Amino acid sequence: MGWKDMRKWRLGRVEEYLLNRIEEEDAIHLTLLDPERVEMAFAEVASEAEKGGTAAIMVGGSTLASQSDLDEVVKAIKKAVKVPVILFPNNISGVSRYADAIWFMSLLNSSNTYYLIDVQALTARIIKQYGIEPIPMGYIIVGEGGAAGYIGQARPIPYDHPEIAVGYSLAGELLGMHFIYLEAGSGAKRPVPLEMVRMVKRYLSIPLIVGGGIRDGDSARRIAESGADVIVTGTLVEETEMVRERIAEIVSQISHR
Ligand code: 1GP
């Protein structure tokens, strides 16, 4: 595609789908599966999450090193669900040709240019070649930050400084990103504070994703009411046998409010 065609450029299929669902349902839920949890029955968990009402399956993990393991997991999930499978890459190993889309993300508050732009430069060409739909996203780590904060060499934004989160979120929007993701880190003891979600939402004109440490419908609802358009949970499905019910509980609390 030459630059002249760019004027006719439209949103990709998966992005369009996500925006439609947000519009129709107020807030949506995405399920994150980490291919490194080898004991997990990925296809079954994804299918149960879909039945519970999750809008898409995200696949990725902070320490994922094997692209071939990722391929197998993505293929298995693709066979089991109709909702899109979106990559959530941690590094060059986080790209699989079998996925529908990829969060083409930059860790905006990393202190290392590798996570800001270099890993994107290393993977951009194959993403285009494979025809995986890229969804540009600004990723911002707050509070504890978990493994993502540690590996990504982030300078996590303190919970009591929402104004800093506003600055990074808006910088992402003005740089042309389509989504902003406030991440407390997988398994965080405290999710992103409501005041931070509220303040970012007040200024932001693009959809806001919030994840990290969200375990139940109540906390998901409070975060959605504060302004999150997308709620991501990961650990939840690793800790329960009742994937469908637990996801359905969250979805019922955040959608059609
Ligand atoms: C991590 O935000 C996601 O990237 C999900 O976090 O595992 O705590 O649900 P949890």
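A residue is taken as buried if 20 or more other C-beta atoms lie within 10 Å of its own, as exposed if 12 or fewer do, and as partly exposed in between, with C-beta atoms placed from the backbone. Helices (H or I, at least four residues) and strands (E, at least two) are DSSP runs numbered from the N terminus. The structure is a predicted model, in which local features need pLDDT of at least 70 and side-chain atom pairs count only at pLDDT 80 or more, while totals for chains, interfaces and linings use all residues. Residues are numbered from 1 along each chain as its sequence is written.

In strand S8, Val 230 and Val 232 point one way and Ile 231 and Thr 233 the other way, and all are buried. Strand S8 belongs to a closed barrel of 8 strands that runs S1-S2-S3-S4-S5-S6-S7-S8 with parallel pairing, two strands being paired if DSSP finds at least two bridges between them. Neighbouring strands of this sheet are turned by 30° against each other on average, direction ignored; axes are lines fitted to C-alpha atoms, for helices over the stretch in contact, and angles run from 0 to 180 degrees between N-to-C directions.

Strand S8 is joined to strand S1 (residues 28-33) by 4 bridges, the two strands running parallel, and His 29 stands opposite Ile 231 of S8. On pairing with S7, strand S8 again runs in the parallel sense, here over 3 bridges, and Ile 231 is the bridge partner of Val 210.

Strand S4 is mostly covered, with 6 of its 7 residues buried. The parallel strands S3 and S4 are joined by 2 bridges, and Ile 86 stands opposite Ala 101 in S4. The pairing of S4 with S5 is likewise parallel and extends over 7 bridges, with Glu 133 of S5 as the bridge partner of Ala 101. From S4 the chain crosses through H4 to S5, and this β-α-β crossover is right-handed.

Helix H3 (residues 67-80) lies across strand S2 (56-59) and strand S3 (85-87), running at about 170° to S2. Helix H4 (residues 113-130) packs on the sheet, where it touches strand S4 (101-107) and strand S5 (133-141), and its direction makes about 155° with that of S4.

The ligand is surrounded by 15 residues, of which the closest are Ser 186, Gly 211, Gly 212, Gly 234 and Thr 235; a residue is near a molecule or strand if its C-beta atom, placed from the backbone, lies within 6 Å of it. The elements that give two or more residues to this shell are strand S8 (230-233) and helix H9 (235-238). By class, the shell has 6 nonpolar, 8 polar and 1 charged residues, where Ala, Val, Leu, Ile, Met, Phe, Trp, Tyr, Cys and Pro count as nonpolar, Asp, Glu, Lys and Arg as charged, and the others, Gly among them, as polar.

Several individual residues complete the description. Lys 79 is placed in helix H3 and counts as exposed because it has 10 C-beta neighbours inside 10 Å; Lys 79 and Ile 164 are 85 residues apart in sequence and 42 Å apart in space, C-alpha to C-alpha. Met 199, in helix H7 (residues 194-203), is partly exposed, since 19 other C-beta atoms lie within 10 Å. Leaving aside its neighbours within four places in sequence, Met 199 is in contact with Pro 162, Glu 163 and Val 166, and Val 166 lies 33 residues from Met 199 in sequence and 6.8 Å in space, C-alpha to C-alpha.

Although it is not a glycine, Asp 26 has a positive phi of about 75°. Asp 26 lies in the loop between helix H1 (13-25) and S1 and counts as partly exposed, with 14 C-beta neighbours inside 10 Å. His 256, which is not a glycine, has a positive phi of about 50°; His 256 is found in the segment after helix H10 (243-254) and is exposed, with 9 other C-beta atoms within 10 Å.

Conventions. Two residues are in contact if their C-beta atoms, placed from the backbone, lie within 7 Å. A crossover is right-handed if, with the strands pointing away from the viewer, the path from the first strand over the helix to the second runs clockwise.
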